[in-house]
Amino acid sequence: MLVCRYRTLLVCHVTILFALVAPAAAQYRRITTIAGSGQTGEVRFQGRASELALTNPFGIQQEADGDFLIASFDQHVLYRLDSSHTTLEVFAGTGQAGLNGRSGDHALKVMLNAPHELQVDPQGNIYVADTNNHRVGMIEATTGRWKVVAGTGTAGFAGDGSLATEALLDQAYSIATEGDRLWIADLGNHRIRQVDLQTGKIETICGTGERKIPAEGGLAVEQPLAGPRSLAVDGGNLWIVLREGNSVWRIDRSTNRIYHVAGTGEKGFSGDGDNAKLARLNGPKGIAVSPGLSVFIADTENHAIRVVDLASERISTLVGSPNGAAGFNGDGDELKKRLLNRPHGVCLLPTGELLIGDSENHRVRMLSQ
């Protein structure tokens, strides 16, 4: 019998991490599958994590009690994985792509369309980037009910200065939350939009609509963006992955200026051991941050997870073939020999492990010491 659980526990937002608990990248020694059979298939609403088809898992987050939340892009549902990695259970979505769900509907009755990412606030509410429905929703912790936060379900660009629920987005791929702010990677509009959760109003904080690389140190709202695909926030900074710009940037929230972190903007796979700004990435699509220490990047089309050491500004590959080969050759040690297949999500846990949405291997995997 399917049992859906909603919690009132405080939840830590796992992109905001304490540097004291995050290990240095060199300490990762092993990769392990914690969910997904490696097969594609129809949605099963509950099953053993190792046996259930988990088709194209993208975003991953952790709840306060240790359970994990997983967005299945192709199955159009959100799963909860228990902290012992034993059971997967759908808690949102019907398994069919579509657009329905008014505020107040139970999350299991809401049709999603290619959900890319989710985030959890300190009250346990779950925010969802309902990507191909061009909207962001929120699942209330205490009731399990759906609430539309931004977007109307129609693609476009409109609404700055007005209510976010009346605004138009174009592929809401990624979200980040902190305090009373929600940030949206509005991919098709090449903008970052910010929602004030107190007033409900939306505005553009970065991006002009042009598909270009921003200028170093420029005022964020005046700079173009080339396909903002993933976001993370660490208090002082908003971190941005540019899919089409093959690079990573950060906005200093105290000055609202944007700065280059990694990637030349050209596609390729190079730069390990050298300055991250001179490295080549290929269609990066995920990010997690250990404040002041490291930035972890899902270098998707290179089938690798890469890390930037913020002290030295050098980049290295954590896991994945050095020649960018895709595949699956099992779990274990020797991380540079372990293959991935278009990884999308990365999530750094407070205990230091790194979770990977190994999307086209249809698995969630964990890097550990």
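A: Asp186 stands opposite Arg191 in β13. That puts us at the pairing of strand β12 (residues 181-186) with β13, which is antiparallel and runs over 6 bridges. Strands here are DSSP runs of E with at least two residues, numbered from the N terminus, and two strands pair if DSSP finds at least two bridges between them. The model is a predicted one, where local features need pLDDT of at least 70, side-chain atom pairs count only at pLDDT 80 or more, and totals for chains, interfaces and linings use all residues. Residues are numbered from 1 along each chain as its sequence is written, and side-chain values use heavy atoms, with hydrogens and water left out.

Back to the strands. β12 and β13 make a hairpin with 4 residues between them, and His190 in that turn has a positive phi of about 55°.

How covered is β13 itself? Of the 6 residues in β13 (residues 191-196), 6 are buried, so the strand is largely enclosed by the rest of the structure. Buried means under 20% relative accessible area, exposed means over 50%, and partly exposed is in between (1.4 Å probe, protein chains only). In a regular strand, side chains alternate between the two faces of the sheet. For β13, Arg191, Arg193 and Val195 are on one side, with Ile192, Gln194 and Asp196 on the other, and all are buried.

Arg191 has one more thing to show: its charged end sits over the ring of Phe157, 3.7 Å from the centre. The rule for that is NZ of Lys or CZ of Arg within 6 Å of the ring centre and within 35 degrees of the ring normal. Elsewhere, Arg363 lies over the face of Phe328, at 3.7 Å from the ring centre.

Rings also meet rings. They pair if the centres of Phe, Tyr or Trp rings (the six-membered ring for Trp) lie within 6.5 Å, with planes under 30 degrees apart called stacked, over 60 edge-to-face and the rest tilted. The count by this rule is 3 aromatic pairs. In one of them, Tyr28 and Phe296 have ring centres 6.5 Å apart and planes at 70°, so the pair is edge-to-face. Tyr28 is in the segment before β1 (30-35) and Phe296 in strand β20 (residues 294-299), 268 residues apart. Tyr28 is buried at 6% relative accessible area, and Phe296 is buried at 1%. Phe73 and Tyr173 form a stacked pair, 6.5 Å centre to centre with 20° between the planes. Together with Phe58, Phe73 and Tyr173 form one aromatic cluster.

Finally, salt bridges: a side-chain nitrogen of Lys or Arg within 4 Å of a carboxyl oxygen of Asp or Glu. The whole structure has 21 of them. Arg306 bridges to Asp272 at 2.9 Å, N to O. Arg306 is in strand β21 (residues 304-309) and Asp272 in the loop between β18 (257-262) and β19 (286-290), so this pair ties together parts 34 residues apart in sequence. Arg306 also meets Asp299 in a salt bridge (3.2 Å, N to O), and both Arg306 and Asp299 are buried.
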